[in-house]
Amino acid sequence: MSGAPTHLLYLHGFRSSPQSAKARRVAAWLAEHRPEVRLWCPQLPPSPRAALALVLDGTADWPVTSAVVGSSLGGFYTTAVAEARGWAAGVLNPAVDPARDLAAYIGENRQYHAPEESFYFLPEYVDELRALRPAAISRPERYFAVVATGDELLDWREMHARYAGATIRLVEGSDHALSDFDDHLPHLLRFLRLCD
C-alpha cells in the first residue's frame with residue numbers, strides 16, 4: 001500500500017444506512033482529525049448489482065490511494081470494490097456468502113434506522129449476490145478484518161477463513177453490530193494509514 005488515503009468510501013450493511021453507529025463514528029473521527037479526507041457513505045439500493053454500480057460509478061475518478069470500509073453486507077461489497085480498484089480495505093464482521101444468508105430475507109424488510117421505511121428484497125437479488133462474489137482475494141495484505149466470535153448472525157470461522165492472510169483482529173465476544181467499535185476503530189485507522 002502507498003500513502004494515506006485522500007478518499008474513503010464507507011459501505012453500510014443490509015437494512016442499514018449512512019446513519020449506522022459505525023458510519024457516524026468514522027465520519028465524526030475524520031471530521032475532527034482528518035477533515036481533508038473525502039468521505040462518501042452512500043445509501044445503498046436493495047439490488048446488489050445496482051449498489052455496486054452506484055459505488056463504482058461514484059468513485060470512478062478517485063485515486064488509487066483511496067480506501068474502502070464496510071460492515072456485514074457492506075464488507076462483502078467492500079471486497080468486490082477492493083478487488084476491482086486495488087484499494088486498501090477494512091471489513092467489519094463481513095458477510096462471506098450473502099447469497100446463501102439473505103435468501104431468508106426475500107420479501108419486505110424494514111430499515112434499522114428508519115423503521116417506518118421498508119424495501120423489497122427480490123429473489124433475483126440472491127442471484128446478483130452470487131454473481132458479484134469475487135472468486136478469491138488476490139492480495140490479502142491489503143485487507144484489515146475485524147471478526148467477532150460473538151457475532152450472532154454470521155459465523156466468525158467462515159469470516160476468518162475467507163480473509164486468511166489478511167490482518168485480522170479477532171475479537172472474543174462482542175456482537176454482529178460491533179457495539180464495542182470504538183475499541184477497534186484506532187486499529188482500523190492505523191492500518192489504513194489515517195492515524196499514527
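Author: Let us start with E108, which counts as partly exposed because its relative accessibility is 45%, where buried means under 20% relative accessible area, exposed over 50% and partly exposed in between (1.4 Å probe, protein chains only). Please keep in mind that this is a predicted model, in which local features need pLDDT of at least 70 and side-chain atom pairs count only at pLDDT 80 or more, while totals for chains, interfaces and linings use all residues. Residues are numbered from 1 along each chain as its sequence is written, and side-chain values use heavy atoms, with hydrogens and water left out.

Reader: With which residue does E108 form a salt bridge?

Author: Side chains of opposite charge can pair when their charged atoms come close. A salt bridge is counted when a side-chain nitrogen of Lys or Arg lies within 4 Å of a carboxyl oxygen of Asp or Glu. In this model E108 pairs with R110, and their closest N and O atoms are 4.0 Å apart.

Author: The helices (H or I, at least four residues) and strands (E, at least two) are DSSP runs, numbered from the N terminus. E158 is partly exposed, with a relative accessible area of 26%, and R100 is also classed as partly exposed, at 42%. Another salt bridge joins the side chains of D155 and R157, at 3.3 Å from N to O; D155 is partly exposed at 38%, whereas R157 counts as exposed at 52%.

Reader: Which residues have the most contacts inside the largest nonpolar core?

Author: A nonpolar core is a set of buried Ala, Val, Leu, Ile, Met, Phe, Trp, Tyr and Cys residues joined through side-chain atoms within 4.5 Å. The largest one here has 36 residues, and those with the most contacts inside it are L9, L11, V68, Y77, V81, F121 and L129. At least two residues of this core come from each of β1 (7–11), α2 (48–58), α3, β4 (88–92), β6, α5 (123–132) and β7 (143–148), and the largest share, 6 residues, is supplied by α3. A second, separate core has 24 residues, including V37, C41, A67 and F144.

Reader: Which residues does L129 touch?

Author: Contact means heavy atoms within 4.5 Å. Not counting residues up to four places away in sequence, L129 touches P48, L73, F76, Y77, P98, A99, L102 and F121.

Reader: How many cavities of 30 Å³ or more does a search of the whole structure find, and which residues line the largest cavity?

Author: On a 1 Å grid over the protein atoms alone, a cavity is a set of points where a 1.4 Å probe fits but cannot get out, and lining residues have an atom within 4 Å of a point. Grid points are joined across faces, edges and corners, and a volume is the space filled by probe spheres set on the points. The search finds 1 cavity of 30 Å³ or more, and the largest cavity has a volume of about 40 Å³. Its lining is made up of F76, T79, A95, V96, R133, P134, R162 and Y163.

Reader: Where does R133 lie, and with which residues is R133 in contact?

Author: R133 is in the loop between α5 and β7, and R133 is partly exposed, with a relative accessible area of 34%. Leaving aside neighbours within four places in sequence, R133 is in contact with F76, V96 and R162. The C-alpha atoms of R133 and P98 are separated by 9.0 Å, although the two residues are 35 residues apart along the chain.

Reader: Which value of phi does S72 have, and where is L178 found?

Author: Phi of S72 is near 60 degrees, a positive value in a residue other than glycine. S72 is placed in the loop between β3 (67–71) and α3 (73–85), and at 12% relative accessibility S72 counts as buried. L178, also not a glycine, has a positive phi of about 50 degrees; L178 is in the loop between β8 (167–171) and α7 (181–191), and counts as buried at 2% relative accessibility.

How values were computed:
On a 1 Å grid over the protein atoms alone, a cavity is a set of points where a 1.4 Å probe fits but cannot get out, and a pocket is an open set with protein on both sides within 12 Å along at least five of seven lines; lining residues have an atom within 4 Å of a point.
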